[in-house]
Amino acid sequence: MDLIASKVNRLRGHREEIHTAEHGSVDATMWALRDVSLDVPQGAGLGIIGRNGAGKTTLLKLVSRVTWPTQGSVRIGGHVVSLIELGAGFHHELTGRENVYLGAGLFGLTRRETDRCFDAIVDFADVAPLIDTPMKRYSSGLYARLGFAVAIFSRPDIVLVDEVLAVGDAPFRRRAIEALRGLIAEGKTVLFISHDLWNVRRLCTDILWLDKGQVRAYGPAAQITEQYMNEVNLAALGDGDAALQTQRTGTGEVRYVSVELLDAGGNPAGLIEADDSLIVRATYRADASIQRAVFQIAIVDVDTGVVITTASSAGDGPTGVAAAGAIECRFTHLALRPRQYVLRLSITDARQILPYDVLMAGPRFAVTASGGAGGLSGTEEDGVVSLPYQFFHRAGADGLQTVNRA
Amino acid sequence: MIHALSDRAERISPAAYLELLVNLTKREVMGRYSQSFFGIGWAIAQPIAAMAVFTVVFSRLGKLPSDGAPYPLFAYTGLMFWFFFSNSVSSGTGSLVTYRDIVTKTYFPREILPLAQVCSRLIDFAAAAGLFALLMVYYGVGVNAWSLMVLLCFGQLILFTVGVTLFTSALNVFYRDVNPVIQIALQLWLYITPVAYPMSAVPERLRPFYVLNPLTAIVEGARSGILFGRPPDWQLAGVSLSMTVALVVVAFFTFKRMDKYFADVI
C-alpha cells in the first residue's frame, strides 16, 4: 500500500537576522512552506501549480528526502524517484552506457537490475548509436532524454517531476507525458510541477495550488485549473488596470476600461469548452468625440500566433464614439483546439491605421476538449483550429485515382 | 523539531548503495584520467617526484638519517601513505560541494560522496604500491612476518582518512573556508609527520606532540614492519589506534547529524 501522507507544517528557510538602525535585530525567517497538510493516494497524478517561489520545488524536495522539514513530517510509502533535474548524476567524461549504470545506481538500482532494463532505457531515449560515446558529445536534448529514461525505468513507486519537460523537443515531450501517464495507469504516483497548465491538465487528476508557501486549493484538476485561470485573468485585469497598462500603446483618445470573458450562459469564464460560445465584453471611455471608430479583437495562440482577428466594421459595431460605452463580440462556435489563448484588443480609426488603443496582452483563456470533464481524448491532435473533415481510404494501386477523383 | 520520516517501503538495499559507491568511485577515477596520455601513471608520478626531491634536499643536503634503510625507499614508503591521505582529504573535503547537483536533487546516504573520493585514491595507492614492490626488490630488502604489519597500518590509515574526510567535507558545506584551510594544513602536516625523517631523529622534548598525530604511528609502524622487519612501538600504535577509532565514530555521527541540512545550505 503506497500512500504519501505529508504533513509539512512550517517548513522554513534559513533564519536570518536583519539588523536595522532603529529596531536592532529583527527575525526575518522566511517559511518556504507552512501549514501544508495533504494526503496523496497511490495512483494519483497530482499537479502542483503556483507562482515562482510558491514552494512547489521545496515540497518535492521534502518528499524526495533531499531536505528535511523544520517542523512537521512527511510520510512516504514507496520508492521515490525525483526528476528534479534530468541526468543530474551523469558525468560527461563517461559513456552513455556507464552513465546509465551510474544514474540508475543513484536511483537505487543494482547492476543486475539495471542490466535487465538497459535495452528498454536505450530504446526509450533513442540513443542506441551513441550509447558508447562519452556524454560530453551529447546534445543537451539527448542528455535529458537519457536522464528521463533512466529515471522512469528505475521502478519507482512515486515519481517527482519538476518542470523538466521544458527541455527536449516536442516528440520527446509527448513521449515523456505518455510514459508518465503509463506509470499512473500502472498505479504509480506522480507529482508533477509545471507552469504549463495544459500539460498539467493532460497528466493530472488532482491539482495542488500553492501560494506563498500555503495551500491555496487542492482538488480535482478541472475545478482547480478553472479557479487558477480565473485568478490569473483577474490579476491581469484588476489591480488598477496595471496589467492593462503595461503593454499598451495608441494615442489614447479612446481607451478600453475593462474586458470580460463570458461563457454561453453569460458567466465569467477562463476555461471554454471547444465548440462552445465565447463572449468578449469590453467597456470603453472616450476623451474626445470620434466620428467613426473600429474595435478589433484578435485571438492569439500563445505559441503560434494570431488565430483570428475580428473588427467591428464587419459586424454591428458602433460608428460614432463619445464618452463611454460597451461592445460585445460573440464567437458562437469556438472551433479551437484545447490550448491557451490570449486576446489582443485594439481601437483604431475608420481606415484601421491610426490606433487609439492597443492592448497587446489582454485576458487569457484556455479551451478544453469538448465532451467529458476536459480530459484528453486518446489520440492527441496538434494544431490550433478544428475544421470539419472526413478521411477516405481505398486499398490497391487504382484506389489512389479513385480517391483523387472523389 | 520533529523528524518523522518512514522508510517502511523503501526497497533500496545496502547492496544498491554499495553499488553506487563503486560507480561513483569509477566515475571519479575515469573522470580524473580520461583524455590523459599517461592515465593512471600520474598516480605514480607524484610520489616519485616527491621522493626525488626529498632524497636531494633532506638526505643529500640536509643529511637526515633514515635508520639505516636506503633513503629513497625510506621516503617513498612514507610518501606513498602520505599521498593517499592528503589526496583523499584534499578532494574529499570539497566533494559534497562539487556534487551539489545530486545532493540537492536526489536522496542517497550523503557519506557515499566523500567515501567515493577516498576509494578512488585506493586505485592510485594500488599503482603506487606496485612501484613500491619493485623498489623493494631493487634495493634487495627482505621481508618477514612483521612485514604484514604494513597491511594493518594501511587499514588504520584508511580509517583515519575516512574520519578526517567525513568531518571536513561536512564542515565545508557550511563554511567554505574549510577547504583552503585544509589545503594549507595538509602542506604543514606533511612536515610534522615523520615522512621525510624517522621518529628517532625527532628531539626528545617534541615527541609527546608527535604522539598526538595518529599519522606518526601509522607511518612509523608501516616502515618498521616492511623495511626493518621489526614490531611497531606498541604504545605509540595503541594511542594512535584509539584516537583513530574515536575520530571515525565522532566524525560519522557528526556527519549524520548535519547531513539533513546539506541540501538547504549547500
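This is a predicted model: local features need pLDDT of at least 70, side-chain atom pairs count only at pLDDT 80 or more; totals for chains, interfaces and linings use all residues.
Me: What makes α2(A) a mostly covered helix?
Reply: A residue is buried if 20 or more other C-beta atoms lie within 10 Å of its own. In α2(A), residues 96-106 of chain A, ten of the eleven residues are buried, so the helix is mostly covered. Among the buried ones are A:V100, A:Y101, A:L102 and A:L106.

Me: And what covers the buried residues of α2(A)?
Reply: Both chains take part. The cover includes α3 (111-125) and α4 (140-152) of chain A, together with α1 (14-33) and α5 (100-103) of chain B.

Me: Let's turn to a strand residue. Why does A:V81 count as buried?
Reply: The cut-off is 20 or more C-beta neighbours within 10 Å. A:V81 has 26 of them inside 10 Å, and therefore counts as buried. You will find A:V81 in strand β9 (residues 80-83) of chain A.

Me: Which residues is A:V81 in contact with, leaving aside its neighbours within four places in sequence?
Reply: Those are A:F107, A:A151, A:S154, A:P156 and A:V159.

Me: Now for chain B. Why are α6(B) and α7(B) called oblique?
Reply: The axes of α6(B) (residues 112-138) and α7(B) (residues 149-174) come within 9 Å and cross at roughly 140°. That angle makes α6(B) oblique to α7(B), because only angles over 145 degrees count as roughly antiparallel and 65 to 115 as roughly perpendicular. The crossing is right-handed.

Me: Which residues meet where α6(B) and α7(B) are in contact?
Reply: From α6(B) come B:P114, B:L115, B:Q117 and B:V118. They meet B:T161, B:V162, B:T165, B:L166 and B:S169 of α7(B). The residues of this contact divide into five nonpolar, four polar and no charged.

Me: How do you know how confident the predictor is in chain B?
Reply: The mean pLDDT of chain B is 88, and 95% of its residues reach 70 or more. Residues 1-9 of chain B are a stretch to read with that in mind: there pLDDT stays under 50. For these residues the model has 15 contacts beyond four places in sequence.

Me: What ipTM and pTM does the predictor give the complex?
Reply: The complex has an ipTM of 0.71 and a pTM of 0.69.

How values were computed: Residues are numbered from 1 along each chain as its sequence is written. Chains are lettered from A and ligands numbered from 1 in the order in which they are written. A residue is buried if 20 or more other C-beta atoms lie within 10 Å of its own, exposed if 12 or fewer, and partly exposed in between; C-beta atoms are placed from the backbone. Helices (H or I, at least four residues) and strands (E, at least two) are DSSP runs, numbered from the N terminus. Two residues are in contact if their C-beta atoms, placed from the backbone, lie within 7 Å. pLDDT is the predictor's confidence in each residue, from 0 to 100. Axes are lines fitted to C-alpha atoms, for helices over the stretch in contact, and angles run from 0 to 180 degrees between N-to-C directions. Angles under 35 degrees count as roughly parallel, over 145 as roughly antiparallel, 65 to 115 as roughly perpendicular and the rest as oblique. A crossing is left-handed if the near helix is turned anticlockwise from the far one by less than a right angle, and right-handed if clockwise. Ala, Val, Leu, Ile, Met, Phe, Trp, Tyr, Cys and Pro count as nonpolar, Asp, Glu, Lys and Arg as charged, and the others, Gly among them, as polar.
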